[in-house]
Amino acid sequence: EAYAMEKEFPLEAFTCIRHLVMVAPNKAFCVTVVNDTDALLTLELSDKEVFVVSCMTLEDTVVNVAQHPGTGTVVMQMFSGELFELHEGMLEPWGNQNMRECVQFCEMAVAAFSDEVVVIGRTHLNHLYMDTRLWSYDCTSYSLHRTHLLLTSHTHTLQCVSLNQPAHVARTTEGVVDTGIRTLERGARLVVSDPATSRVVLQMPRGNLELIHPRPLLLTYLTDLISSSQYKSVFEEVRKHRVNMNFVYDYHPEQFLANLSGILSELSSSYLELFVAELCDEDTTLTMYSFMGTVSTSPGDKVKTVCRALIDAITTSDNMLPWINTVVSCYVKIQDIPAGLLYIKNTYDSHPTEGEGAIKYMLILTDDEALFNHALSTYDLELVLTIAQFTQKDPKEYLIFLNELKALDETYRKFKISQHLRKDRLALESLVQCEGRFEEVCEFVTQHDLHAAALASYPSTTEEFKTIGRMFAEKLKEKGSMEEAGIMFGQCGILKESLSCLRHTTQSHLALSIAAQLNLAPDQVSGVAEQLADNLKRDGNYREAAKLFERYCDNADEAVEVLCEGGLFSDALEISATRKRVDLMSDIISSLQLQAGTTHALLLEKQTDVKKFLERIDLVRKKRSMVGTGFEDMDHSDLYSDATSMTATSAASSNASRRSAKSSKGRRKLKKEKSTDCDSALIPLL
């Protein structure tokens, strides 16, 4: 029974006030006892006092009250276990309840999943319920966070269940991701979780309190900070809790790149140096933090994209001196150390102190010898000397070397430096530009096998091209690459050597063309053609081989024999008719009869195989249609022997070999299954 008070009474007029719930800044509800019966009071709050404006007597005792902080939903549980929602001062039954399923909770909360609002309750037996449905038999404590439901169990683990999923999914094992399970000390219980951050307070059996940051809650907190562009707080939390720093970029790449100027103004260089050092092309939102999702997809080649963006943002800023080490880290990360050294040199010239610090920092990131070589690759000897002074190298070693380089002209110096760094192609490009050093070019090309690169450096009409081309062709000939050697000799105009190589290949058209250029005698051309025809025959090109025998060797008998060997009987008959050689017909017919006999025998063998398999499939299907005959234990040994004999006789050709392999697989399947589905293995054999 609900009734309005005749006048507003102060709250002090009632005793035993409990279950106070604030539903508005100036309105609240609570439970009290009126005439030995629970009653629901509606309270109105002013600046200084609290008044009772209405009172509703209840039929049962209120044991639990819970309110969702986001939706404001208020749920009450009676002593009977029934759940009611407080709506506009009235109690309405909660959801679809069955009185036989109602259980009294010792603690209760209201949780909002993505599809519905539910009541979470735990009994004194550590049973966890979602509304009136049992969820878990093993829950020692729980706490409701803004985005997760936290549970502890008798197995001494903390489970984090995301609220951003349907309630029916949360009740399954899929609702808890692997990263949402954390081992706890035996007997630990949840006290409270901070909805604004990722902090969770636990109480240990000894009574002491401990603060932890579960990884799912921490990552959710980080995504909120990233979405609001609070990158200073993001980097501080990531560094404190050892989260992979790639997540800062991977969660929202476009926003990160757009806020680089703001990030530089908020953070110190040390944070970005750690960030660059940990950068990798892996997208952490798809791997280790895949359960968090992502706002957008990271572009390809992430490391170069981020490092180049950082370099551009720093170098275009008004004061880039505090970020010198960050720029150096970026150049080292993308393996563009020479460009980094030139950047350091420019800084060193204008700001020696900062430049010296940058050199020392780069020496930490790279090896002394490697950095010296990278400095050499810039061809700037002053920079090399500056870098060398900060390394552990002995001056007696590098000063002599640098003085020798200074004495050379610029182009030859580049050759010597590239040669020292073992950049052979780059060294060759510099050496080719040096006048009067062609003999040295030939020696360098031979030593490092750079004939193709050297040929690209000279016009094809020059003597240098022909000299290097002949060297290349002779090398190819020694390696047995006759076709490439013949072509190379031809490009150099050495036709005899070219024909000598090409007659050992199948390049008949090219070889005969060169023979025509050499004006060879007919018998010499015939000899070349005969050798080329033998090569084509061994290669399986019977038609081209027969053409050479007929046209260039005037040997119709050999041409017909080659065509019959390759099964080209129509072409053989055409030659016999064209040459008016009736005597060749008998040879062709003999070959045809031999081929026909072989084909006929194979067809008969296959016909027998098909008949046996069809009979076996028909028998299998008939027995499978019978019920209760014990067909599962049927003996298939006769089938195996048939299949074995059939596949053994089919080994005459490559296609038959492949069918035999398939037959073996089918037999293994039959032996393994021994079931009524044998026809599924027989059909591939058929």
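Trainee: How many helices and strands does the secondary structure of the protein come to?
Mentor: The count is 30 helices and 20 strands. Keep in mind that this is a predicted model. Of its 686 residues, 42% count as buried.

Trainee: Why is the pair of Tyr-249 and Phe-256 called edge-to-face?
Mentor: The ring centres are 5.6 Å apart, and a pair needs centres within 6.5 Å. The planes stand at 90°, and over 60 degrees counts as edge-to-face, so the label applies. This is one of twelve aromatic pairs in the whole structure. Both Tyr-249 and Phe-256 are buried.

Trainee: What makes Tyr-412 and Phe-415 a tilted pair?
Mentor: Their centres are 5.4 Å apart, within the 6.5 Å limit. The angle between the planes is 35°, which is neither under 30 degrees (stacked) nor over 60 (edge-to-face), leaving tilted. Tyr-412 and Phe-415 are three residues apart in helix 15 (residues 410-420), about one turn of the helix. Tyr-412 is buried, as is Phe-415.

Trainee: Which residues do ring pairs link into a cluster?
Mentor: The cluster consists of Tyr-231, Phe-235, Tyr-249, Phe-256 and Phe-275.

Trainee: How do you know that the charged end of Arg-437 sits over the ring of Tyr-412?
Mentor: The distance from the ring centre is 3.7 Å, against a limit of 6 Å. The charge must also lie within 35 degrees of the ring normal, and Arg-437 is listed as sitting over the ring. Arg-239 is placed likewise over the ring of Tyr-271, with its charged end 4.9 Å from the centre.

Trainee: Why is helix 23 called roughly antiparallel to helix 24?
Mentor: The axes of helix 23 (residues 522-538) and helix 24 (residues 542-551) cross at roughly 165° and come within 8 Å. Angles over 145 degrees count as roughly antiparallel, so that is the term for this pair. The crossing is left-handed. Residues of helix 23 that meet helix 24 include Ala-529, Leu-532 and Leu-536, and those on the helix 24 side include Tyr-542, Leu-548 and Phe-549.

Trainee: What makes Lys-302 count as buried?
Mentor: Its relative accessibility is 2%, and buried means under 20%, so Lys-302 qualifies. Lys-302 is in helix 8 (residues 302-315). Beyond its neighbours within four places in sequence, Lys-302 is in contact with residues including Asn-246, Tyr-249, Asp-250 and Glu-282.

Trainee: Is Thr-140 buried or exposed?
Mentor: Buried: Thr-140 has 5% relative accessibility, and the cut-off is under 20%. Thr-140 lies in the loop between strand 13 (133-136) and strand 14 (141-144). Not counting residues up to four places away in sequence, Thr-140 touches Arg-122, His-154 and Arg-189, among others. Thr-140 and Arg-122 are 18 residues apart in sequence and 8.4 Å apart in space, C-alpha to C-alpha.

Trainee: Why is Tyr-379 called partly exposed?
Mentor: At 25% relative accessibility, Tyr-379 falls between the 20% and 50% cut-offs, so it is partly exposed. Tyr-379 lies in the loop between helix 12 (368-376) and helix 13 (381-389). The phi of Tyr-379 is also positive, near 60°.

Key. Residues are numbered from 1 along each chain as its sequence is written. This is a predicted model: local features need pLDDT of at least 70, side-chain atom pairs count only at pLDDT 80 or more; totals for chains, interfaces and linings use all residues. Side-chain values use heavy atoms; hydrogens and water are left out. Rings of Phe, Tyr and Trp (its six-membered ring) pair if their centres lie within 6.5 Å; planes under 30 degrees apart count as stacked, over 60 as edge-to-face and the rest as tilted. Buried means under 20% relative accessible area, exposed over 50%, partly exposed in between (1.4 Å probe, protein chains only). Helices (H or I, at least four residues) and strands (E, at least two) are DSSP runs, numbered from the N terminus. Axes are lines fitted to C-alpha atoms, for helices over the stretch in contact, and angles run from 0 to 180 degrees between N-to-C directions. Angles under 35 degrees count as roughly parallel, over 145 as roughly antiparallel, 65 to 115 as roughly perpendicular and the rest as oblique. A crossing is left-handed if the near helix is turned anticlockwise from the far one by less than a right angle, and right-handed if clockwise. Contact means heavy atoms within 4.5 Å.
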